[in-house]
Amino acid sequence: MASWMVGKALKTLNPCALRTLTSSARRFSVAVASGESSFTFSSKDPRAGEGDDTIYVKGRERASDSVSMPMSFMTGSIVGKRFYNEVTTKEADDGIGWSVMLDYRTLKTPSKRNLKCPTLALAKAIAAEWEYQQTDGIRPFTMPLMKLACTALERVPVTRPKIIGNLMQKFHQDLVFVRAPRDNDLTRDLRELQVEKFGPLIKWVELEFGFKPVVYTSFFGGKQEEGLAKAFENVLIKTDDYELASIDAIAAAAHSLIIAVGMFRGKLSIEQAIELIRLEEDLQVDRWGLVEGGHDLDIADLRVQISSAAVFLRLSRKH
C-alpha cells in the first residue's frame, strides 16, 4: 500500500527536470581520515583552515551505525561520492515513525538527529531519492523531499513563530489580490485573465473564511480585513511541522499564501496552482515567445518546487 502511494505521488516529479536545476555551487572533495573505517560526514574538520571545502569522512574503531549529512546538504552543493549500496526503510527504534537506512546506517539530519518520517510512504519516497543518486556524487538538488523533511524536523520547531510571522507579513501583497490596470492597452488582457482565473479562488476564500478579499492595482498592495488575516493566521497556527514546512515552501515559490493554503485545503491541484502562479509570465511567452535556457528552466524549477511540496504534504499525512 505504501509503495503504491509513493508511486502515485512521485509521478509528478521529473528526475530529468531535477537534474537540470543544478546551481553554480562549488564542488566538494572527499578526504578520508587514515586508519578509520566508518562514515560520518562533517562540514568542517578541526584540522582544516577557513574556507576549506573538503568533506572529511571520519570514523571510529567500530563501524558507525548512522550517517549524518553535512550542513551543505541544505544547499545545491555536491557533497561527495555515493558511499552506500542499498537503501531500505525500517520502523524507528522507538516505534514512532520510520527511518531510512543506507546499508546498515540510519540516516540523520545535518544536526545529527534521526531522520524519522511520520509515515512509511514518506520514508520510502525519501529512500527512492537516495537510491537515485549516482556513484560520482550525491546531489541534494535532486532530493527535494529529503530537504523538506530536514526543514520540518529542524527548522520549523525552533522558528515556527518567525515562519508564520513572515508569511503573514506578505499576506496583504498576495499575488491573488493583484489586478493589472484596466486603462492600459498592454495590461488589459492580463487583467481579464486575472479576473477569470483568480475569481473562483477569491470566491472560495470568501466562502471558506467569511470575509471578501480586497483586490487592488497598487504596486504597494492593499489592506485586507483584520478578520481575514486572522483566519489565515489561525490556519497556520494549527498546522503540524510537516504541514507548515509544505505551506511555507509553496508560498515562497508562488509568492502567495492564498495559493499555498488552497493546495493545503485541497482546493487547488498542482497544475492549477502552477497555472495561477505563471499567469502573467505565460501571457508574455504567448505574446513574445519562449526564451530557451530562461523561461523553460523557470517553468521546470517551479514545477519541482510546487510538486515536491505537494507530494511531501500528502505523504506526511497519516490519514
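## Ground rules

Buried here means under 20% relative accessible area, exposed means over 50%, and partly exposed is whatever lies in between, using a 1.4 Å probe and protein chains only. The model is predicted, so local features need pLDDT of at least 70 and side-chain atom pairs count only at pLDDT 80 or more, while totals for chains, interfaces and linings use all residues. Residues are numbered from 1 along each chain as its sequence is written, and side-chain values use heavy atoms, with hydrogens and water left out.

## The chain as a whole

The protein chain has 11 helices and 8 strands. Both are DSSP runs numbered from the N terminus: helices are H or I over at least four residues, and strands are E over at least two. Of the 319 residues in the protein chain, 49% are buried.

The accessible surface of the protein chain is about 16,600 Å², and carbon and sulfur atoms own 52% of that. Areas of this kind come from the Shrake-Rupley method with a 1.4 Å probe, and for residues only the protein chains shown count as cover. Now for contacts, meaning heavy atoms within 4.5 Å. Take the contacts in the protein chain between residues at least 6 apart in sequence: 67% of them join residues at least 24 apart.

## Helix α4 against α7

Helix α4 covers residues 144-169 and helix α7 covers residues 241-254; their axes come within 8 Å and cross at roughly 70 degrees. That makes α4 roughly perpendicular to α7. The axes are lines fitted to C-alpha atoms, for helices over the stretch in contact, with angles running from 0 to 180 degrees between N-to-C directions. As for the angle names, under 35 degrees is roughly parallel, over 145 roughly antiparallel, 65 to 115 roughly perpendicular, and the rest oblique. The crossing of α4 past α7 is left-handed, a label used if the near helix is turned anticlockwise from the far one by less than a right angle (right-handed if clockwise).

On the α4 side, the residues meeting α7 include Leu148, Leu153, Val156, Pro157, Arg160 and Ile164. Among their partners in α7 are Asp241, Tyr242, Leu244, Ala245 and Asp248. Sorted by class, the contact of α4 with α7 has 13 nonpolar, 1 polar and 4 charged residues. For that sorting, Ala, Val, Leu, Ile, Met, Phe, Trp, Tyr, Cys and Pro are nonpolar, Asp, Glu, Lys and Arg are charged, and the others, Gly among them, are polar.

## Helix α3 against α4

Helix α4 also packs with helix α3 (residues 120-132), at an angle of about 130 degrees and with the axes 8 Å apart. That makes α3 oblique to α4. From α3, Ala125, Ile126, Glu129 and Trp130 meet Pro144, Leu145, Met146 and Ala149 in α4. By class, this contact of α3 with α4 has 7 nonpolar, no polar and 1 charged residues.

Leu120 also sits in helix α3. It counts as partly exposed because its relative accessibility is 24%. Its C-alpha atom is 7.5 Å from that of Gly97, 23 residues apart along the chain.

Gln194 belongs to helix α5 (residues 188-209). Its relative accessible area is 7%, so Gln194 is buried. Leaving aside residues up to four places away in sequence, Gln194 touches Val178, Arg179, Ala180, Gly199 and Leu279. Gln194 and Glu280 are 86 residues apart in sequence, yet their C-alpha atoms are 8.6 Å apart in space.

Phe83 is in the loop between β4 (66-68) and β5. With 13% relative accessibility, Phe83 counts as buried.

Asp93 is in the loop between β5 (87-91) and β6. Its relative accessibility is 72%, so Asp93 counts as exposed. From Asp93 to Lys116 the C-alpha distance is 9.9 Å, and the two are 23 residues apart along the chain.

Most residues other than glycine have a negative phi. Asp103, in the loop between β6 (98-102) and β7 (105-108), has a positive phi near 60 degrees. Asp103 is partly exposed, with a relative accessible area of 23%. Lys112, in the loop between β7 and β8 (116-117), also has a positive phi, of about 70 degrees, although it is not a glycine.
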